[in-house]
Amino acid sequence: MRLLVAFTALVNLPCALGVAEAARRIGFFSPLLAGSIFFVIGVGLFPGRAKQIMNDHKRSAWEVRFVDLPFYVHWCACIFAIIPAVIAAIMGLLFFRALPTGVFMWLYVIGLIFSTYGVLIRRAWFVTKKIEIPIDGLDPKLDGFRIVQLSDLHVGALTPRSWVDRWVTAANRCDADIAVVTGDMVTSGVDFHSDIADGLGALTARSGVYVSMGNHDYFGEGEPLIGELRARGIRVLRNEGETIERAGASLYLAAIDDTWTRRDDLERALEGRPEGMSTVLLAHDPERFPKAADRDVALTLSGHTHGGQIAMPFFWRWISLAHLSHHYVIDLYKQGRSWLYVHPGLGTTGPPIRFGIAPAVVLLTLRAV
């Protein structure tokens with residue numbers, strides 16, 4: 001927490017100087033006071049927000065709308081501004097022997113524009129993606145088999161139940177053979193388990209709804225969530241699988257449990273697979289894909305990365321924050337005969353912002369080749 005507060009103070013400093021400059025330009029009686037108040041509020045609000053992310057609790061809509069979200073718009077704007085502000089400060093001190101407070105002011109304004117879009121608009125505005133995947137060896141009777149995938153809902157105070165209802169409505173319109181949710185249904189804690197279970201309980205698909213667990217689902221206590229999901233008819237697969245029948249043909253659907261807490265066991269998940277049957281694996285963490293490919297899993301469905309949450313528009317596959325820590329970032333990958341699809345996620349973790357990466361409900365259609 002000390003490191004996070006120190007970082008927050010650092011990124012707030014140039015923006016506070018920019019606010020002081022704006023106060024000077026409009027004739028405020030004490031620009032230094034204006035900048036100082038801005039700095040104290042910007043840093044002082046951070047610890048409470050950080051603790052809420054670490055153990056999310058239900059709180060009033062008023063607090064979320066008028067404290068939390070405006071704070072995150074500001075905080076993300078400060079982060080946006082920090083690197084160019086440091087460069088501008090170095091250049092200003094070297095060549096003009098003065099801090100470029102006017103530059104700081106405009107950098108903060110530009111950051112506010114981007115972060116307002118990312119926190120309040122892009123995060124809530126999801127799309128429905130349709131993808132066809134050729135599966136080598138798939139029974140021709142399963143050609144056109146449809147899987148609708150949701151992932152990384154991160155339901156909590158900043159990602160309300162009403163959003164889940166909209167995602168589920170869009171998923172149901174896809175008229176899929178199966179619906180799957182590949183983990184991280186929770187932000188943290190246990191307060192929102194019933195909201196998640198009630199929302200996902202409305203998912204429909206011809207051959208059922210299946211869930212695999214993610215690391216955030218255990219940021220609190222995972223077992224109650226599993227119980228609530230199963231009570232609503234959802235199949236939570238934990239290192240196990242089922243055979244799905246359609247039109248006289250069969251597909252094996254398996255899932256592994258969370259990798260971060262070392263609950264995953266791929267061998268157990270596949271031990272009931274009939275010989276030669278095409279297999280779809282739900283694995284929240286895409287880093288398990290190479291092992292799945294080695295076991296002749298035709299398609300692995302993952303999430304976890306959110307595509308970085310922040311990426312370069314139009315170049316999101318190649319330039320995003322996820323590339324700093326993940327090998328498989330977003331979209332389709334292939335190894336031998338096996339495919340991996342990494343879902344962009346629907347919710348957010350950490351700062352509630354998206355930029356360059358749209359939340360998505362994804363419809364995958366399997367094609368026999």
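Q: What makes β1 and strand β12 (residues 360–368) a pair, and in which sense do they pair?
A: Two strands pair if DSSP finds at least two bridges between them. β1 and β12 share nine bridges in the parallel sense, so they meet that cut-off. Within the pair, Lys 129 stands opposite Val 362 in β12. Strands are DSSP runs of E with at least two residues, helices are runs of H or I with at least four, and both are numbered from the N terminus. The model is predicted: local features need pLDDT of at least 70, side-chain atom pairs count only at pLDDT 80 or more, and totals for chains, interfaces and linings use all residues. Residues are numbered from 1 along each chain as its sequence is written, and side-chain values use heavy atoms, with hydrogens and water left out.

Q: In what order do the six strands of the open sheet lie?
A: The order is β1-β12-β2-β3-β4-β5, with mixed pairing.

Q: Why do β1 (127–135) and β5 (235–236) stand at the edges?
A: β1 and β5 each have a single partner strand, so one side of each is left without a neighbour in the sheet.

Q: What makes strand β3 (residues 178–182) and β4 a pair?
A: Four bridges join β3 and β4 in the parallel sense. One of the facing couples is Val 180 with Tyr 210 in β4.

Q: Why is a crossover called right-handed?
A: With the strands pointing away from the viewer, the path from the first strand over the helix to the second runs clockwise. The unit of β4, helix α8 (residues 222–231) and β5 is also right-handed.

Q: Which residues of strand β4 (residues 209–212) point one way, and which the other?
A: Val 209 and Val 211 point one way, Tyr 210 and Ser 212 the other, and all are buried. In a regular strand the side chains alternate between the two faces of the sheet.

Q: How many aromatic pairs does a search of the whole structure find?
A: The search finds 14. One of them is Phe 71 with Tyr 72, an edge-to-face pair at 5.5 Å centre to centre with 70 degrees between the planes. Rings of Phe, Tyr and Trp (its six-membered ring) pair if their centres lie within 6.5 Å; planes under 30 degrees apart count as stacked, over 60 as edge-to-face and the rest as tilted.

Q: Why is the pair of Phe 289 and Tyr 328 called edge-to-face?
A: The ring centres are 5.6 Å apart and the planes stand at 90 degrees, so the pair is edge-to-face. It links distant parts of the chain: Phe 289 belongs to helix α10 (residues 289–294) and Tyr 328 to the loop between β9 (299–302) and β10 (331–335), 39 residues apart.

Q: Why is Phe 289 called buried?
A: Buried means under 20% relative accessible area, exposed over 50%, and partly exposed in between (1.4 Å probe, protein chains only). Phe 289 has 1% and is therefore buried. Tyr 328, at 9%, is buried as well.

Q: What makes Asp 175 count as partly exposed?
A: Its relative accessibility is 46%, which lies between 20% and 50%. Asp 175 is in the loop between α6 (161–173) and β3, and has a positive phi of about 55 degrees although it is not a glycine.

Q: Why does Asn 239 count as buried?
A: Its relative accessibility is 5%, which is under 20%. Asn 239 is in the loop between β5 and β6 (240–246), and its phi, too, is positive, near 55 degrees.

Q: How do you know that Arg 122 lies over the face of Trp 125?
A: A charge sits over a ring if NZ of Lys or CZ of Arg is within 6 Å of the ring centre and within 35 degrees of the ring normal. Arg 122 is at 4.1 Å from the ring centre of Trp 125. Arg 263 lies over the face of Tyr 218, at 3.7 Å from the ring centre.
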